[in-house]
Structure formats: structure tokens, C-alpha cells
Amino acid sequence: MADTFSTVVVRPDFNPEKYVNELTRKCIGGQELQQQRQKIQSLADETSVLLKKNVYQNYMQFIETAKEISHLESEMYELSRLLNEQNSLLSSLTTMSLLGDKIPSTVESEEAVDANQVDEEKEEEERRRKLAAVLEKVEGAMAILEVPGRVLLHEGTLMELDPMDNKPIHQIQAYLLNDVLMLATWIQNSRGPVRYKFQTTYELGSLAVVNVRDLGGLGDSLFKLLAFPDTRVFRCSSAKLKREWLDKCDHAKKSRLAQEQQKRDNTATADRSPSKLAKSESLDSPSNPFEDHNDGPAEPELPEWLVEMPEDLDVCIAQRHFEDAYNLIERARDFIDKNCSNHMSDPVIEEIRRKLDARVKSLIEVLMKELEVSPDKSLQGGLRAARRAVRLLNQLGRSTQACDLFLKLCTSILKVQLKRVKREGATVLYVRQLGGIFFSNLTDMAREFLRAFPNSPNCASAFVGWAGSELTHLTSHLIKQVFMPQSSISTLAECVTCVRDQCDQLCELGIDLRYQLDGQLRTPLIRALRDSREKLVDAVKLRGAEDKWHPLNLQNKAGLTKFIQEMSDIGIASIHTYVTGECWINLTSNTVAFCKLYLALVEDCLCLATAELLYTIDEVLGDVFHAQLKHVEASLKNDKLRSESKFIQKNAVFLLDTLLTIVEHCYEEKLGHKCTRLSSLQEEYAWIKKEGPKQLINSSKPITKYSSSEYL
């Protein structure tokens, strides 16, 4: 199928619609069509892979060709230098006199030298005047005078275009110097001589000016600046001005290369000049009585790899061989520090240092872009994909920037992971899943962070602050989703307990965010506990109004057995002492329901208990129990229930001796101290157990103000 399809496609008269129609007639059913589609898709994938391989192969060949061209240029410059030396040597021989006297042409040459000095002074004055004019117009361009010998070659106004959609961005004022290209932006509504603001400079050695022919119908007045990793497009007002810019840039780059080559040649061949050779031979001869053996060694010639270091770094950065680039940078720095420390003022060494610093800056920018987060960037690799860039940035001394970008990447990964959690089903299940994803990812990020920044206190503090801010976002989301009026205190207790347990995972890594979590949940928890107290007090009052004070009937023995088991499970193991008859409980249904409700409330409150919430919890537990005791007290003092007073007192004794005692024991076992509010209730209503039913009923009658009539 692949051979047939490939032969059909390459035909000049190939018609896609006709081919598809013929294919549909031959295929029977949708399954065969699907198979044909898969075959064509597989062929397209294979073609794409082959194209990518060809691109990579050609790219490597391009890099190799560029190296060969660079070597060839250096050899041509070497040949040109030798021819110039030979020409100067022949000229000196023609002007040499055997008698030692100056020939007449020497006098004329001295006059020419004086004239040349005058011309050079004028040229220097003109050069400074042009640079001063540039400084008056451009704000922040004082650095152009720091390099001696800088000359302004060309200037003009350009329109910068967006390299993606070719739309105009802003006007640029460009200045071409003999070693750099300086760009400045226009200042809107400027007053005075300053009209532009300095933007950036590009070295001519690392800058490529490319001619752009009619791009999208914009005419023949465009050209590109390629300075890794930037690509900028400019438009001139006419094609003639564009040609002038291209010629000036090309001439400046060639002159710059010739000067650099001349400096290297002068340094390398300084000891091979005829005068020095003759002097050394005369001093080293056996007949020389003034021979000095302590003369210092000649300056070492720079190795070839150091001279080609800038180009090799560009290749490594372009091919994303960042480790090789870093190793080459360290090798160059070590060599310069060890072997060239006595030649700090040498212009060749200074130029190599300047190029090395520029490549280091480019490498740092590329590595930082590796860590930057953008909408179109995939986060599939996670934090492991960032290890390489973070490690190299740390080695290059950019730990702070690496830490900031690393934390921004962590934030993006957390957002993506949390967005996948959907609010479906029970609230507790949602909170458990959300907290599990958040804290498990945060734990992995903490381990990865400690691995990337092992001995950096500043970065560690930044991570703690970042983790706290992310926890704030999580708690604010949980408050909106969980702390709602219809949420019960049991649901809130289970959700908060789950999140607290998950937060404690970070303590293994030395990061404790529990206090911050409790602090952010304190206000909504206090509000929820007080709302729950109001609801429970109202429920106690409503159930008390319907209480008939009759023993609880469980209908049969099976129901009795089940009831005893339920009460034992919640902590009331002595409930069997209140059983009368076959299936009767000597307690009311209201008392039994309150026991279940109150013990559940106590368990939830103890789960939520923290030092800051203890006052509110004591208040809630005391008010709810007090509401039930007030109902018992009101029933004892009610004349209509005089016949049930003994039964009412038995329920009161159960509440005080059994239920309240169990609650106080649980409270002290959980928190380590007694609850003063519950103890005060025990003392306040102790009189119910001491007084008999008759005294309780009589105590409800009003007492006269005076006991004797003699005071009336």
C-alpha cells in the first residue's frame, strides 16, 4: 500500500479528490476505510520522521561547514599578513644606506610623518565629536566612550517588525560602530536634545545581518538581525537604504575580524621579529660577557581552542549541549586565571574575556527560558525535566533566579494537578482527594527542592514562604467549598482531620505547616461551632417540648439486644442496669436520643480541638448540656408532671452520673486536663440527686416575702 500510494502521489497529475473517490469504491464497509486511513497516517508519520532526521543531519553538516569556513578565513588572514610583512621588509631594504647616512627620501618621509600626525589628531577630534553628538541624543549610552578607539560608522532610523506576524512594533534608532551595533528606542513627547533611550548593543562578531526579500508583500526593504538567541526584523524606508545598511555592516564585520586577527598575529610573532632575533643571538653568544641568565620567559602563545572558544560555545548552545558549554566556560576561565593573570591589560585577553562573558550571559538566558512557564509549554516532564537547567544555573552562580523560576514551575504544576479534581460525590471524599493530591505533590516538590538546592538557606526560606502561600490558596478554596451553612459539624470534623493528617506528611522533611493551617481554619471553625451550638440547643428545646416522660419500649428482645449493643459502642456500657421487664428501658426516648447526639458532638469537638479553639469548644459543650438539664429542671418543677417526678429524677441522675462522667473522662484523656465548664454543671445541678421528689415539687411553689403577719 505504501509503495502504491507513494508512486501515485509523486505523479504531476495527482488529484486527491479523485484518489479518495476511487479508494471508497474499492473498500467495502467502514472498517476497510479505517484500515486504509491508518496505513496512510503511518506513512505520513514515517515521512515526518525521515524529514526530521534529514533536518538534523543537514544541521550538523552546516555546523561542520561553518567551522571549516572559519579555519579557511584564518589561513587566508595569515597568508595576507605574511605578504604584508614581506612587502614592508622589501621597502625597508630599498631605503637603507650602506654608509649609515639618511638618504634624501628619509627627510621627505619625516615631513610626511608630521603631516600624518596632524591628520590623525583631526580624525580623533572628529571621532569624539560624533560620539559626543550621539551621547547628547541617546539617554543611558555613556558606556560607548569606555572602549577606546570606537568610531561611528553609520546611523539611521528603522521600523522594527514582529518576526511572527510582521506587524510594526516601534521605531528604532540604530548606530553602527566599529565593534558593536547599538539600538535605541524613541522617547515619546521628548523635550530638549535627548530624543532616544538606550536599549541594547550587539557584538559584530556574534551578529549576522541577513537580507530579506519580499516578505508577505512588504517590499524589498527588510533585513534581519540574528544574535543568538534573538531574531529581530527591521524595515528601512527604501531598498537603497537597506543596501547601504547591509554594506556598512558587512564592511564593519570584515574590518573587525581583520583587527582581531592582526592582534593575535602580533602577539604570536612578537618574539620572531628580525630585531629581537638578532638581539637574542648576540646576547646568547659565547663571546658575550654581559650574558644574563635570569631573563623572563617569552609570553606564551594562546592555544587554538581558546581562540575558537566563542564559536564553539555558540555551537554548543545552539545544539543544547549545555553541559559541554559549561565545561568549556570553566576550562577557559581556569586557563585565563592561571596563565594570563600577568597580561590583564592585553587587548587580546580582554577581548576573549568580553566574548566569554557574553556567551555566559547567553547560556544563562537560555537556561532561564527552559524554566519559564508559558501557556504553550507542556508540563509533562514535571520537575525532573528542570533538574538540568537548575543544576547549571546553580553552578553559574544564579541560584536566586533558579529558585524563583523553580517555584513558579511548581505553582503551575500544582494548579494543573488540582484542576483535575472534580467536585463529585460526598464532601469528605472530595476533600480527601484534593488534600491528598496537594500534599503529596508538595512533598515531592520539597524533596526535589532539597535535592536541587542542598546548602542554600536563602532558597530554603523562599520555599517555606512559597509553601505557605500555596497552603493559603488551598484553605481559602476549602473554606468556600466545605464551610457552608448546610454542612454538619461531623462532616467538618472529618474533613479538617483528614487535611491535618495529610499536612503532617511534610514534618518528615522538616517543614511544619500545621500551625498555619490551624490558624487559617480557626475563624471559620469558630463560626461553624457556634452555629452548630445554636442548632443543637434549638433541637433540645423542641424535643423537650414533645417529651411525655414515659419509659422507652423496644418492642421485643431483639430490639433490646440491638439497643444495648449500640449504647455499648458509643461508650455507655452500663445501660443494661436500666432495663426493666423484657423490653423496657427505664429512660425516656428523649434522654437516649440526647445521649447519642451529645456523644457524637463531643467526639467531633475533640477531633477539632486546638489550643485556640478550646474556649469555643467548652462553650459549645456546656451550653448544649445545660439546655438539656434546664429541660429536666423545668419538668421537675412542673405541677402537671408531679406523678412522674421520680422517673424524671432518675433520668437526671443518668445524665449527671453516667453521661457527664463519660464525657469528662473522654475530654481529660484527649486533652490532658479537665473541662471547667462541665465540672461547674456537675456542681450546679448536684441538688437534683440529693433532694427527693417531694422537696423538688414543693420547692417550685412561690415563697412569701414575710413569714409573720406582725410586719404587715
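This is a predicted model: local features need pLDDT of at least 70, side-chain atom pairs count only at pLDDT 80 or more; totals for chains, interfaces and linings use all residues.
Residues are numbered from 1 along each chain as its sequence is written, and side-chain values use heavy atoms, with hydrogens and water left out.

**Exercise 1. Get an overview: how many helices and strands does the protein have, and what share of its residues is buried?**

Step 1. Go through the secondary structure, where helices (H or I, at least four residues) and strands (E, at least two) are DSSP runs numbered from the N terminus. You'll find 23 helices and eleven strands.

Step 2. Now sort by burial: buried means under 20% relative accessible area, exposed over 50%, and partly exposed in between (1.4 Å probe, protein chains only). Of the 712 residues, 35% are buried.

Step 3. Finish with contacts (heavy atoms within 4.5 Å). Taking those between residues at least 6 apart in sequence, 65% join residues at least 24 apart.

**Exercise 2. Find out which parts of the chain the salt bridge between Arg150 and Asp179 ties together.**

Step 1. Recall the idea: side chains of opposite charge can pair when their charged atoms come close. The cut-off here is a side-chain nitrogen of Lys or Arg within 4 Å of a carboxyl oxygen of Asp or Glu.

Step 2. Check the pair: the closest N and O atoms of Arg150 and Asp179 are 3.0 Å apart.

Step 3. Arg150 sits in the loop between β1 (138-139) and β2, and Asp179 in the loop between β3 and β4 (180-186), so the bridge ties together parts 29 residues apart in sequence.

Step 4. Look at burial: Arg150 has 9% relative accessibility and is buried, and Asp179, at 5%, is buried too.

**Exercise 3. Work out which helices are joined by the salt bridges Glu448 with Arg387 and Arg533 with Glu619.**

Step 1. Start with Glu448 and Arg387, whose side chains meet at 2.4 Å, N to O. Glu448 is in helix α13 (residues 427-452) and Arg387 in helix α11 (residues 387-395), so parts 61 residues apart in sequence are tied together.

Step 2. Move on to Arg533 and Glu619, with closest N and O atoms 3.3 Å apart. Arg533 belongs to helix α16 and Glu619 to helix α19 (residues 614-636), so this pair ties together parts 86 residues apart in sequence.

Step 3. Stay in helix α16 (residues 514-545), which also holds Asp518. Asp518 is buried at 12% and, not counting residues up to four places away in sequence, touches Arg500 and Thr610.
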